[in-house]
Structure formats: structure tokens, C-alpha cells
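Have your viewer ready and follow along topic by topic.

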Amino acid sequence: SPLEKSFAIQLPYRLLDTATGGFSAEMFIGGGGSCEVFKAVVFGIEVAVKALTTTDGADKEQALEEKQFVNEMELLMDVFHPNICRLLGVSIDGPRRCLVLEICTGGSLYEVLKQDHEKLQNSPDVKLLTLGWQKRVQVVLAIVRALVHLHSLTPPMIHRDVKTQNV
């Protein structure tokens with residue numbers, strides 16, 4: 001299996017299960033498609049654990065999800081850029097396949113923009129914004145640099161899911 005041949009650090013599932021509080025709702029960060037993301041502390045480092053959801057669907061559907069998971073892992077193993085979260089480890093020995101990634105502790109861009117929107121609803125004072133216009137331009141440039149890096153790889157890598165929740 002490609003998962004068993006990966007160069008990422010392989011972590012025992014039980015370690016991630018414990019670190020996420022049994023993949024508890026309190027540790028849940030987000031999700032979509034066939035994965036859920038949880039925050040955790042592994043070896044003293046705060047991380048994001050992206051866990052493949054188990055489906056009760058047909059074997060064909062599970063095989064496709066597993067293939068997409070392996071593809072994501074293999075792609076992440078080759079990406080090194082300061083504006084892209086690094087793959088730190090994988091877990092394949094439990095009921096859920098997991099990727100362990102760097103975490104952005106400040107939350108997503110979506111959450112920051114939502115807070116700014118709520119502040120503006122309550123007061124028109126733009127000085128209250130977490131992200132002023134100069135900072136917003138810096139964020140956009142950081143995103144563009146990450147995308148340019150991905151597109152300049154051989155073969156080029158296309159993210160396909162750039163949105164504020166993923167930044």
C-alpha cells in the first residue's frame with residue numbers, strides 16, 4: 001500500500017484518538033467531503049488531525065475516498081512552503097486514516113473576516129477591524145505566493161479548494 005511506503009512519520013491511531021479526545025466535538029475544527037479536522041496536541045505540538053470519515057457506502061465509494069486520501073498525502077509530502085501547512089505524520093493502523101498537519105492557531109481567514117463583519121455591524125469604526133486593509137493585502141499576497149509555488153512545481157499542483165475556510 002502507498003500509505004505504508006510513505007515518508008511521513010507514521011503515528012499510532014490510538015495516540016491520535018487520545019490527543020483528539022476520541023475525535024470529540026470539542027476538538028472539532030471543521031470538515032467537508034469525506035474528512036473531519038480536529039485539533040490535538042501530539043508530542044507537545046499543537047496540530048490538526050484530518051481524519052477520513054468512514055462511510056457505510058459501497059466498497060467502491062470507500063476505495064475512491066481512500067485513493068483521494070493517499071493522493072493528498074503524497075502531494076503534501078512534496079510541498080514545502082512557508083505559507084502552506086506541512087504534513088507532519090500519518091496514521092493508517094486504525095479504523096480511520098489520518099493526516100497530521102501543521103495548524104494555524106489563529107483560526108481560519110473565514111473566522112477572522114466573520115468577526116470583522118460582526119464588528120462593523122455593531123460599529124462603523126473601521127479601526128476596530130482585526131484585518132485592516134494593509135493586512136488584507138498582505139494576506140492576499142501570501143495566498144498568491146503559495147499558489148504560485150504550487151503551480152511552479154513539476155508537475156504543477158492545483159489546489160482546487162481555495163476558500164477562506166482553508167486559509
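Let's begin at the surface: Val 140, Val 144 and Val 148 form a nonpolar patch with about 240 Å² of accessible area together. This is a predicted model, where local features need pLDDT of at least 70, side-chain atom pairs count only at pLDDT 80 or more, and totals for chains, interfaces and linings use all residues. Residues are numbered from 1 along each chain as its sequence is written, and side-chain values use heavy atoms, with hydrogens and water left out.

**Surface patch**
- Patch members have over 30% relative accessible area and no salt bridge, and nonpolar side chains (Val, Leu, Ile, Met, Phe, Trp, Tyr) are joined within 5 Å; a salt bridge puts a side-chain nitrogen of Lys or Arg within 4 Å of a carboxyl oxygen of Asp or Glu.
- Areas come from the Shrake-Rupley method with a 1.4 Å probe, and for residues only the protein chains shown count as cover.
- Val 144 is found in helix H4 (residues 133–152); helices are DSSP runs of H or I with at least four residues, strands are E runs of at least two, and both are numbered from the N terminus.
- With 41% relative accessibility, Val 144 is partly exposed (buried is under 20%, exposed over 50%, partly exposed in between; 1.4 Å probe, protein chains only).

**Aromatic pair**
- Phe 23 and Phe 38 pair edge-to-face, at 5.2 Å centre to centre and 75° between the planes (ring centres within 6.5 Å; planes under 30 degrees apart are stacked, over 60 edge-to-face, the rest tilted).
- Phe 23 is buried at 11% relative accessible area, and Phe 38 is buried at 2%.

Methods:
Patches are made of residues with over 30% relative accessible area and no salt bridge: like charges are joined within 9 Å, nonpolar side chains (Val, Leu, Ile, Met, Phe, Trp, Tyr) within 5 Å. Rings of Phe, Tyr and Trp (its six-membered ring) pair if their centres lie within 6.5 Å; planes under 30 degrees apart count as stacked, over 60 as edge-to-face and the rest as tilted.
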